[in-house]
Amino acid sequence: MNFPLITTSRWDVEDGHTLEGYLRTGGYKGLRRALEMAPDQVHEEVKKASLLGRGGAGFPAGIKWGFLPPDVWPRYLVVNGDESEPGTYKDRILIERDPHQLIEGCVIACFALGLSQCFLYVRGEMAHGQERIASALNEAYKHGYVGKNILGTEFSVDVVLHWGAGAYIVGEETALIESLEGNRGMPRLKPPYFPASIGLYGKPTIVNNVETLSNIPWIIEHGGDAFAEIGAEKSTGTRIFAVSGHVKNPGVFEVEFGITTFRDLIMGEDYAGGIRDGNALKAFIPGGASAPWFFEEHLDTPLEKTIVDNEGSMLGSGAIVVMDETTDIVKACHNVVRFFSRESCGKCTPCREGTNWLEKILDRILNGHGRPEDIDLLLDVCDNISPGITWPPKQTTICPLGPSAVSPISSALQRYRSEFDAYIALNRATPVTVEGRTV
Amino acid sequence: MSRLNEENLRLARQILSLYPKKKSAMIPLLHLSQEQNGMVTNEAMEHIAELVEVTPAEVLGTCSFYEMFKRHPVGEYQINICHGISCHLLGAEEVLEHAEESLGVREGEITKDGKFSFEGVECIAACTEAPCLQVNYRYINKVNLDAFNELITDLRNDQKAEIPKHGTLAKTRQKIPSEKLAGPSGVEDATPPEWLQRNKESQ
């Protein structure tokens with residue numbers, strides 16, 4: 001339990017979002033240190049840290065950076081601040097309470113990789129976050145931490161704040177790039193699997209999550225080895241988790257990655273403090289709405305990427321949603337499926353049509369008009385989106401949004417099928433409508 | 001009338017100058033027009049098309065993809081009630097039902113005085129503060145029905161000065177002084193940045 005706070009150290013500092021508060025608490029030291037090193041050395045430190053991407057997929061950032069083809073310019077950095085995964089609440093706090101840390105991370109990344117320009121994409125709905133980033137950038141430009149001749153050196157790079165406009169799918173990195181190019185935010189066909197080869201304007205592009213980049217200043221100041229010493233062997237450093245739902249003390253916590261368990265976080269007095277009203281746990285989502293659900297027996301699983309992957313789910317975006325025994329599982333399942341149905345971008349047929357039908361069937365079941373064959377029908381539609389309904393999921397779609405709608409259904413059915421059956425057994429007469437009027 | 005006014009046109013030109021390709025400014029410019037008019041009008045889309053050098057149809061294509069751009073009038077205060085999973089578990093549906101009853105309009109409709117409209121929205125990243133909502137994209141955390149009523153009264157009596165009218169997002173904009181601007185490199189400019197070359201030479 002003895003670890004330094006890496007990304008959340010300024011959350012309690014009242015003026016931590018201003019340049020003055022940031023500098024007083026050790027800000028921009030990482031950047032100063034980076035500028036004394038060669039760009040390759042800075043990249044090397046990030047590799048040594050084995051920093052896993054904090055957006056959802058958990059791909060090592062240093063390796064992703066290494067996918068940039070040598071000698072191709074211009075090359076860009078795009079910051080993914082489109083946090084929208086249900087249950088996820090960390091990037092918005094990092095943006096609002098410590099914007100300079102994020103900006104410093106961006107500037108260091110641009111230096112390490114010789115990038116031409118950085119676009120900081122902040123979700124449209126986060127008006128306050130946009131204000132905080134804009135003020136921080138204005139200060140940083142004024143005092144030479146960003147822009148022309150950074151800290152009096154020749155190194156120059158612009159960081160441009162860009163606003164989104166409300167679309168979950170834009171969190172997918174190629175959709176983010178499409179959106180930044182002014183298009184509808186639809187994911188691009190793969191390969192190439194990484195925009196590092198073909199990204200923004202067809203040029204090499206690194207897309208990193210807000211939390212990932214917020215770790216960079218600490219890594220450069222203290223060294224990649226010091227970072228790798230914290231946490232587990234393959235899940236290094238610390239990680240921010242948001243625990244919400246039916247817990248006594250919902251909150252956002254930075255914990256040592258790979259070592260803390262779900263039980264510590266959900267039940268621990270220092271964290272979420274246990275289930276509300278002394279109720280029993282029914283299920284929990286371990287990593288955002290896309291993740292298959294976990295149950296009582298998974299509580300002692302450590303928050304470690306590989307272990308959670310092997311147990312059939314993922315840590316995703318660090319969002320833990322707890323459901324107690326009072327939860328109507330069919331309603332919860334419908335809620336998550338409706339999300340994916342609404343947010344499907346419409347590019348791939350299995351997702352566009354499939355998620356929509358899943359929602360309609362669940363609607364019918366909830367209204368008591370379900371048919372006995374509806375469970376098989378749900379699974380059949382799921383199988384068309386994600387063949388075999390396995391984990392990790394296979395997909396008939398370009399991006400993982402479609403298969404994400406399968407997770408809540410397979411999880412809920414696996415453990416609480418009787419609740420679906422009970423709704424179906426209501427067997428209410430299906431209303432017949434003529435020209436929109438019930439007869 | 002609903003083309004960008006002079007002041008916003010000046011801002012639009014500044015925004016355009018930050019991107020290597022003009023079309024990238026499309027979403028920021030749509031926000032600018034929504035800030036001016038409370039919604040995105042056809043005339044504004046035509047104006048943006050001229051500015052970013054695409055067809056008006058392409059602007060409509062982008063505009064219609066994103067939830068925040070309203071092509072029809074909404075209330076002065078647009079209330080977005082989160083019904084993501086965390087808020088659902090803690091009573092979002094009751095808040096939605098209450099909004100419908102107390103405002104006397106259905107989701108997506110505007111109250112007669114033009115003040116309010118509301119809708120259920122997906123997760124707005126305040127999950128530990130559930131159930132939550134946004135009024136013109138300003139957060140109100142841990143809402144119960146009484147708090148909702150109080151909020152409506154305050155808004156009706158203009159007691160919430162911190163919440164701007166619909167369309168205005170961030171009240172602070174990024175401003176880069178020209179002498180501090182590194183300058184966007186052209187998309188076709190294939191030479192590595194000068195500083196990088198010199199850094200390599202000095203090693």
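Helix 1 of chain B and helix 2 of chain B cross in a right-handed way. This is a predicted model, so read everything here with that in mind. Helix 1 spans residues 6-16 of chain B, and its axis lies 10 Å from that of helix 2 of chain B, at an angle of about 165°. An angle over 145 degrees counts as roughly antiparallel, and these two helices of chain B are therefore described that way.

Who does the touching? On the helix 1 side of chain B you'll find N8(B), L11(B), A12(B) and I15(B), and facing them from helix 2 of chain B are P28(B), L29(B), L32(B) and Q36(B). Sorted by class, this contact between helix 1 and helix 2 of chain B comes out as six nonpolar and two polar residues, with no charged ones.

Helix 6 (residues 92-103) of chain B and helix 7 (residues 145-156) of chain B have axes that come within 10 Å and cross at roughly 40°. That angle is why helix 6 and helix 7 of chain B count as oblique to each other. The crossing of helix 6 and helix 7 of chain B is right-handed. Helix 6 of chain B brings E94(B), V95(B), H98(B), A99(B) and S102(B) to the contact, while helix 7 of chain B brings L145(B), F148(B), N149(B) and I152(B).

| Helix 1 with helix 2, chain B | six residues | two residues | no residues |

How many residues does each chain put in? Chain B gives 60 residues and chain A gives 66 residues. Helix 2 (26-37) of chain B turns up again here: along with helix 4 (56-63), helix 5 (85-89) and helix 8 (194-202) of chain B, it supplies at least two residues of the side that touches chain A.

Over in chain A, the chain is split into domain 1 (19-229), domain 2 (238-324) and domain 3 (329-425). Taken over C-alpha atoms, the centres of domain 1 and domain 3 of chain A are 35 Å apart. Domain 1 of chain A puts 10 residues into its contact with domain 3 of chain A, which answers with eight residues. On the domain 1 side of that contact in chain A, seven residues are nonpolar, one is polar and two are charged.

Notes: Residues are numbered from 1 along each chain as its sequence is written. Chains are lettered from A and ligands numbered from 1 in the order in which they are written. This is a predicted model: local features need pLDDT of at least 70, side-chain atom pairs count only at pLDDT 80 or more; totals for chains, interfaces and linings use all residues. Domain bounds come from an automatic or database domain assignment. Two residues are in contact if their C-beta atoms, placed from the backbone, lie within 7 Å. Ala, Val, Leu, Ile, Met, Phe, Trp, Tyr, Cys and Pro count as nonpolar, Asp, Glu, Lys and Arg as charged, and the others, Gly among them, as polar. Axes are lines fitted to C-alpha atoms, for helices over the stretch in contact, and angles run from 0 to 180 degrees between N-to-C directions. Helices (H or I, at least four residues) and strands (E, at least two) are DSSP runs, numbered from the N terminus. Angles under 35 degrees count as roughly parallel, over 145 as roughly antiparallel, 65 to 115 as roughly perpendicular and the rest as oblique. A crossing is left-handed if the near helix is turned anticlockwise from the far one by less than a right angle, and right-handed if clockwise.
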